[in-house]
Amino acid sequence: MPEQSACRLTIRDLAAAKQAGRPLSMVTAYDWPTARLVDAAGVDCVLVGDSVAMVVAGRPTTIAATIDQMIYHGEIVARGVSRALVVVDLPFPLQHLGVRTAVESAARILQATGCQAIKLEGTAGQREVIAAIVAAGIPVMGHVGLRPQAVNQLGGYRMQRDRDQLLADAAAAAEAGACGVVLECIPAAVAAEITTSLAVPTIGIGAGPDCDGQVLVLHDLIGLSLDRVPRFVRSYADLKTTITEAVSTWRQDVEARRFPAAAETPA
Ligand code: KIV
């Protein structure tokens with residue numbers, strides 16, 4: 001069983017941040033070097049999202065992510081993180097296959113990765129599943145609004161605007177014992193209303209400034225996503241250009257026999 005750092009933040013720290021009005025930061029990571037770097041940058045939570053299927057594997061949706069892949073990436077990331085709370089996504093369709101399968105899958109992810117919580121996309125219909133996983137001692141983060149695993153049902157990656165449904169979904173997750181709720185692509189006013197109404201933190205992505213925290217996909221944040229990024233993303237770097245220029249310069253040096261130079265050559 002992987003070791004879990006005793007020094008990591010916990011779900012109690014998330015609750016305390018909400019109480020204190022301190023904004024929370026969560027970012028995705030899928031591998032060891034970026035896990036170490038985002039942890040060193042001081043974020044509160046590192047999410048091993050099922051977005052790995054799109055960002056790392058080039059799939060069109062997150063539906064392709066499997067539990068074995070989530071465990072593979074989750075274990076690597078958890079090993080690289082010493083301070084932040086590590087959350088791993090429960091991939092499609094495990095929360096829909098009955099309470100027993102959901103609890104077994106969540107437990108398997110927790111045991112095999114050394115993460116501290118799992119995230120689960122769902123509507124109010126997932127109340128029983130969340131409650132059972134929490135009762136097993138496994139912290140759960142809910143995920144409502146745009147649920148990428150349901151992209152085919154939702155008819156695309158689009159804003160979710162049904163206020164009553166969104167309030168009900170978020171409230172159900174919190175009442176079932178979720179330690180926080182991700183709000184994806186919902187109107188800012190609805191996100192603000194949910195945030196005020198819940199005792200647990202909300203973490204927004206495309207949900208405006210009034211959530212208790214914000215989450216972004218790392219590759220969007222650092223300018224490494226190959227596809228067009230959504231309007232709600234702010235890219236703080238342009239690693240696509242940096243990488244392409246570095247490799248291109250190296251290739252030209254190889255072709256011109258400028259690399260390796262004397263200092264890079266063994267005696
Ligand atoms: O899988 C993921 O990266 C996510 C975030 C977008 C919240 O669920």
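How far is an oxygen atom of the ligand from an N or O atom in the side chain of aspartate 50? The separation is 3.1 Å.

## Basis of the model

The model is predicted, so local features need pLDDT of at least 70 and side-chain atom pairs count only at pLDDT 80 or more, while totals for chains, interfaces and linings use all residues. Residues are numbered from 1 along each chain as its sequence is written, and side-chain values use heavy atoms, with hydrogens and water left out.

## Ligand site

The residues around the ligand are Thr28, Leu47, Gly49, Asp50, Ser51, Asp89, Lys119, His143, Ile205 and Val217; a residue is included if one of its heavy atoms lies within 4 Å of the ligand. This shell divides into 3 nonpolar, 4 polar and 3 charged residues. In this grouping Ala, Val, Leu, Ile, Met, Phe, Trp, Tyr, Cys and Pro count as nonpolar, Asp, Glu, Lys and Arg as charged, and the others, Gly among them, as polar.

Besides the aspartate 50 pair, an oxygen atom of the ligand is 3.2 Å from a polar side-chain atom of aspartate 89, and an oxygen atom of the ligand is 2.8 Å from an N or O atom in the side chain of lysine 119. The protein covers 94% of the 260 Å² of accessible area that the ligand has on its own (Shrake-Rupley method, 1.4 Å probe).

Threonine 195 lies in helix α9, residues 188-197, and methionine 141 in strand β5, residues 140-145. Helices (H or I, at least four residues) and strands (E, at least two) are DSSP runs, numbered from the N terminus. Threonine 195 is buried at 8% relative accessible area, and methionine 141 is buried at 0%. Buried means under 20%, exposed over 50%, and partly exposed in between, with a 1.4 Å probe and protein chains only.

The side chain of threonine 195 reaches the backbone oxygen of alanine 191 at 2.7 Å. The C-alpha atoms of methionine 141 and valine 151, 10 residues apart along the chain, are separated by 20 Å.

## Backbone exceptions

Most residues other than glycine have a negative phi, and most peptide bonds are trans. The bond from phenylalanine 92 to proline 93 is cis, with omega near 0°; proline 93 is in the loop between β3 (85-89) and α5 (99-113). The bond from phenylalanine 259 to proline 260 is also cis, with omega near -5°, and proline 260 lies in the segment after α11 (239-255).

Cysteine 185 has a positive phi of about 50°. This cysteine 185 is in the loop between β6 (180-184) and α9 and is buried at 9% relative accessibility. Arginine 257 has phi near 60°, is found in the segment after α11, and is exposed at 76%.

Note on methods
Polar contact = N/O pair within 3.5 Å; in protein donor to acceptor, adjacent residues only side chain to side chain.
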